[in-house]
Amino acid sequence: MKTKFLSAAFAAALLLTACGKATPEQPVVPEESAYTGTVTVIYEGAPFDNENISVDFTPAEDGASASITIHQIRFVPQMPVTIDVTIPGITLLGTAEKILLSCARVVPLAMGGEYPRYTVTDLSGEIAGDELVFSLKFGDYPTSFAGRRQGL
Amino acid sequence: MIKALLISTLLIHAAPADTVELLPATVSVLKEQMSIEYIPSPVSVVRAAELSQTGISRPQGLSSRIPGLYIPDYGASLTATIYLRGMGSRMDNPVMGLYVDGIPILDKNAYVFDWEDVVRVTMLHGPQGTLYGRNSMGGVLTLRTLSPSDRTRPALNLEYGTAGHLRISASAIIGSNALSITFRHLNGFFQNTYKNEPCDPYNGAALRWKWEGAVKSVRLQNTLSATASREGGFAYGKWDNGQQKRVSYNDEGSYGRISLIDGLHAQFRRDAIVADASASIQVLSDQMKMDQDFTPVSVFTLQQRQRSMAGTVEVRISRNAAEKVWIPQTGIFAMYKRNRITAPVNFKRAGIEELILSHANAHIPPDIGHLAIPDEEIPVNSNFLIGTWNTALFHESVFVLGKWQFTAGLRLDYEGAMMDYDCLASLHYQFIPTMSSEKSFSVPYAGVKRHDHLVLLPKLSALYRAGSFVSLYATASKGYRSGGFNTQIFSDILQNMTMNALMRDLGVYLDRPVVSVTAGNTEYDPEQAWNFETGARIRKGAFSAELSAYAIVLRDQQLTVFPPGLSTGRMMTNAGRSRSLGAEVQLDWMPGNFRSHLSWSWCDARFVSYHDGNSDYSGNPVPYIPKHTLYVSAGYSLPLGSCRLEIDAFLRGTGPVSWNEANTLEDPFRARIDARAALVFPQWEIYLRGENLTDSNGHVFYFKSIGNEFFANEKPRAFLAGISIKF
């Protein structure tokens, strides 16, 4: 009940703010957030799902770029360890409804440094509302993520 | 005699009027209300003459001489491991209380010292918790040292023998003071083949000053003891496919100790009341350096330094025992001990490779990379401040009804302890190929743990004086061994925590992460034993006998278990229950110039329940406990005009002994023979003594370290010659 009341109050405040300014729609501002979802790696032609994966989205101060850290990912089923991988230098483009993510090629960071073996190519994705989706290639492995913001 | 009286008279007159005078008797070291003849437990007594004849000068020498007692002579003076009636463990609190001149020695690290001026050793078998409290679960060993009232002449003893053994000791009574001093040197019996030098040299000195006197009607006795020693030790040889290798390790193994104990007794007697008060201050500073892998490879070392201060106070009030039907005794006891321990474990290059990197990299696929630690050494620093306090209220009533004597006692014993731990592991690491340079990394671990316990220790006994020479008794009593903290396991905890934290720092997560216990798992509770015993005591002329049989039920047994995860050590926990069934026999026959003694013990100690984390050992014999101990001695004094020739022979045996819980390693019953020949004149004597004449090299200790097995062997044959002069 309390949650519903707070949500209604928050929605009303947003409505009043929007009405008061009456200016053209502003692009969505990227903000630091964490998402939980499923990472799917295409391994030997078949999808291999990593469920309940936590992903951190960390925009740079200028809001034009960001990094994404995927926690405890396993690229292939036989991997006896999971690792944290950070993809730096992702370009952000804000629109009124979403933030578009893109990166043609970048060397990710893992295990304390650059990890060229899993160089990221063809990254594209978006943050729309509370959802983050992106796809990329980790080396030879096509990979995708779809998740929702944590704490909702 | 006239001279002694003259001296004592002079001293009495020299003392301030009405304040101090020399008294003819010392304060009793036993707390029992009855004479030793009527104590309802087996009693062993070793007098000064026997100590001198046998050369027993350290507690290990009492092994087998006191039936059921096994204190293997291995390691260093720190490692006073005591096994008694199926109880005991090599770590932490002892199962036997040690009292020197009525003062309880609180630190097991101080149990082993040179006994040059000990004039009487008395052992009370079985739990003596009601009167003696903590750690007297298997029995109490009391030592009485030279007192001014002993009136002995000044003496000088010199002894030299195998392995560079040299002992010089002197004692003198000057007025109200008894002084004794001892120095002992040993080159060592066991060669460290890696260093090509003896690994067990010893240099130590001990000083004791005892003063006796009285202030008005209060008898006083103050004893100040100081010891300092520096020794090697840890003569452990690898056990490799059933073959005993020689001692060979590369890092330092040594132990140094300074201890200072001052104990003050006061006794007040009135017609019906006797009040005894005692207080002590005990200071111990020691340092042990140990090659923990005991191999020529630099794996890991331990340096353990302790600074311990303790104090005890006891007050007992009892009714004068003479001709009374009811003889009550009530007392209070309090102690506090503060122990600061620093115990850094240093992982050296081979240890970093074998114990840390190999485990970590075994779980990381080579195509991802591998962990590298460039450090030559990784220090795992562990600092502890441990406080232990104990207070007790106790009462024991003895009822003498004709030929019957009944004893009922109860002790309410409260013990608390606090451990403040502050640990830090530091290293540099690099993950190859992703990291271009090494990274500094450290893991702190600090906190405080506290626990306390309340224990009730009852005792009931009945003794029947079946005649002038025979007493029969039955006793049920309870004892306990204090709980504590496993400080030894902290290096393992830090090692595992460091590995997990390092992996997290890297962003690498093992499917089977290193599981580790925490500080919360390092606490263990008191161990408690109920002892049911029946026995007989016979004294007739030159013959005396002590016969007893007992059953002991041990609860919350303090046993070592394997902690979960990758560990180099084991930790103490209340892991099981056991029971001991046994019988003890002591016979003495000393007609004329002949003397003989036999001590024999049979003990069947088995786990009722014990799972060490890996296996279930319920039903198995408890390791390290000899099934039999045997000691036989015979001697004869042959008068030769103004002197006499004394010939004595001693046989000492133990076994069979199982060395592990699975009972897959066992030593059979082994015996060694010692002998002595002495020419004794009224004022001096010379003697030749042989120890371990059969050169028995049986095992006296076994342990495992990082998967390797090790044994310590009995000391080899030795010959000693000495001279004692009384001035």
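Biologist: Does A:Cys103 count as buried or exposed?

Modeller: In this predicted model, A:Cys103 has a relative accessibility of 9%. The cut-offs are under 20% relative accessible area for buried, over 50% for exposed, and partly exposed in between, with a 1.4 Å probe and protein chains only. Because its value is 9%, A:Cys103 counts as buried.

Biologist: What relative accessible area does B:Cys603 have?

Modeller: B:Cys603, in chain B, is another buried cysteine. Its relative accessible area is 6%.

Biologist: How many disulfides does a search of the whole structure find?

Modeller: A disulfide here is a pair of cysteine sulfur atoms within 2.5 Å. The search covers the whole structure, and its count over all chains is zero.

Biologist: Which three residues supply 43% of the area that chain A buries against chain B?

Modeller: Buried area is the accessible area (1.4 Å probe) that two parts lose on being put together, summed over both. Chain A and chain B bury about 1300 Å² between them, with 55% of it on carbon and sulfur atoms. On the chain A side, the three that supply more than any other three residues are A:Pro80, A:Val81 and A:Met111.

Biologist: From where are residues numbered along each chain?

Modeller: Chains are lettered from A and ligands numbered from 1 in the order written, side-chain values use heavy atoms without hydrogens or water, and local features need pLDDT of at least 70, side-chain atom pairs pLDDT 80 or more, while totals for chains, interfaces and linings use all residues. Along each chain, as its sequence is written, residues are numbered from 1.
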